[in-house]
Amino acid sequence: MDATLALFKREFFGYFRSPVAYVFLIVFLLAAVGLAFFVGQFFRGNTASLDAFFVFHPWLFLFFIPAVGMRLWAEEKRSGTIEILFTLPLTPLQAVAGKFFAGWLFVALAVVLTFPMALTVGYLGSPDWGMILCSYLGSILMAGAYLSICSLTSSLTKNQVISFVLSTLVCLVLVFLGWGVFSNLLGAVFPVWLVDLLATFSFTTHYESMMRGLLDLRGLVYFLSLMAFSLFLNVLALER
Amino acid sequence: MVEIDQLSKRFGNLLAVDRVSFSVRRGEILGFLGPNGAGKSTTMKMVTGFLRPTAGTARIGGHDILEEPLAAKSRIGYLPESSPSYQEMTVGEFLGFIAECRRLGDRAARGRAVERVLDLCSLREVRHQPIETLSKGYRQRVGFAQAVIHDPPVLILDEPTDGLDPNQKHEVRSIITGMAKDKAVILSTHILEEVDALCTRVIIIARGKVVVDETPAELRDRDPGKRLDTVFRQLTT
């Protein structure tokens, strides 16, 4: 436990040792808010809700989360510090957990820093706060699921670019399976039950139900088990 | 202190380490020699638990590295080749991090451990500098400090003097002899003078196999009057 905590602290504060963290946070906030205003027509919608803001998160995460996750293991491998790490008296699970939770806290921080959006709708109208909280929870859970996939792909290579591309591809598939436009395309070729089954494996399906304020068990189980599964594979990949 | 038992490692078709066995006692400094690619680093990586052996095992103070990895690893200090470290951390932060991962007690106890190695490796004047700003000699000493912070009974050093100037080499060697009295030390090198200057025993491996296991004097006596590197060449080619 001590070792996990030590790794967690090193990794989390490590983000702020370089300007990368600040650049990331600023660009993420600009992109998240910019999409809501200019693409999502946040003001013209004339409703006190953050739908126009949250609806872009699956697409936004597609690029931002791999940018955070790509270095988790690839960098350790490239610089050789992985040799220090795995000759310390700690288990691979402790190492994976320490690093993953640090990364998750960092992306969760980025999501939470969009709170002025919530304050804005609160000032302009009377939004459904339960729904907004539920959307934030869904967004943070989804970010964790993305990051677990990035952590896995990062452990497969010492090249950060390969790690980035690989995780973006995997996440893209998981977003597409539940995206209406893509489901309709699939529906033209495959039977409906198969399309529906595939959609249950998608980020989008579970995230959208949380965006509507539905805190159902299926969504929680989906995101948490996806994280557990990716991190389990991550441990296996590192144990060799 | 260290028992290596029929250790083998296969990478695809290449048998990098082939049934290597030896043991090292407390107080011994074992020079681990061989041409590049002979399997020195691979053997060390298996002994420290970084690589999983294809066959065989190593025991550190009686603890099997495969069966009780945590107990074995806590008894080893390891300096990997080219001493990697987290470049963006300062020397003090990095050593503190290692102390925490190694569970060296509470904050005060960890602080004492860091202070001890800062003095031992003469790092005090750079403790607040990021490691990436240090010269190669200092970085090597950071690697050293990291390896001995928990005062381990077994020390495994992969080319500790590689890339250092003659003064720095001398310094590193005196650190090693200073610490070695009550430890079992394995160090790899391809500098033969180092073996003479430091080691109490020599093992030479070539193509993954142990070809020599004796004292430096015995090695020299194999061909009296010739230079050590001539002997080395005869044994490894």
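The legends below describe close-up views of a predicted model. Local features need pLDDT of at least 70 and side-chain atom pairs count only at pLDDT 80 or more, while totals for chains, interfaces and linings use all residues. Residues are numbered from 1 along each chain as its sequence is written, chains are lettered from A in the order in which they are written, and side-chain values use heavy atoms, without hydrogens and water.

**View 1. The interface of chain B and chain A.** Contact (heavy atoms within 4.5 Å) joins 24 residues of chain B to 24 residues of chain A. The buried area, which is the accessible area (1.4 Å probe) that two parts lose on being put together, summed over both, is about 2,400 Å², and carbon and sulfur atoms give 62% of it. On the side of chain B, Phe50(B), Tyr86(B) and Arg103(B) lose the most area to chain A, together 27% of what that side buries.

**View 2. A salt bridge between the chains.** Glu83(A) and Lys45(B) meet through their side chains in a salt bridge (3.9 Å, N to O). The term denotes a side-chain nitrogen of Lys or Arg within 4 Å of a carboxyl oxygen of Asp or Glu. Between chain B and chain A the count is 4 salt bridges.

**View 3. Arg207(B) in a loop.** Arg207(B) lies between strand E9 (201–206) and strand E10 (209–214) of chain B; strands are DSSP runs (E, at least two residues), numbered from the N terminus. Its phi is near 50°, a positive value in a residue other than glycine. Arg207(B) is exposed, with a relative accessible area of 63%, where exposed means over 50% (1.4 Å probe, protein chains only).

Technical notes:
Helices (H or I, at least four residues) and strands (E, at least two) are DSSP runs, numbered from the N terminus. Buried means under 20% relative accessible area, exposed over 50%, partly exposed in between (1.4 Å probe, protein chains only).
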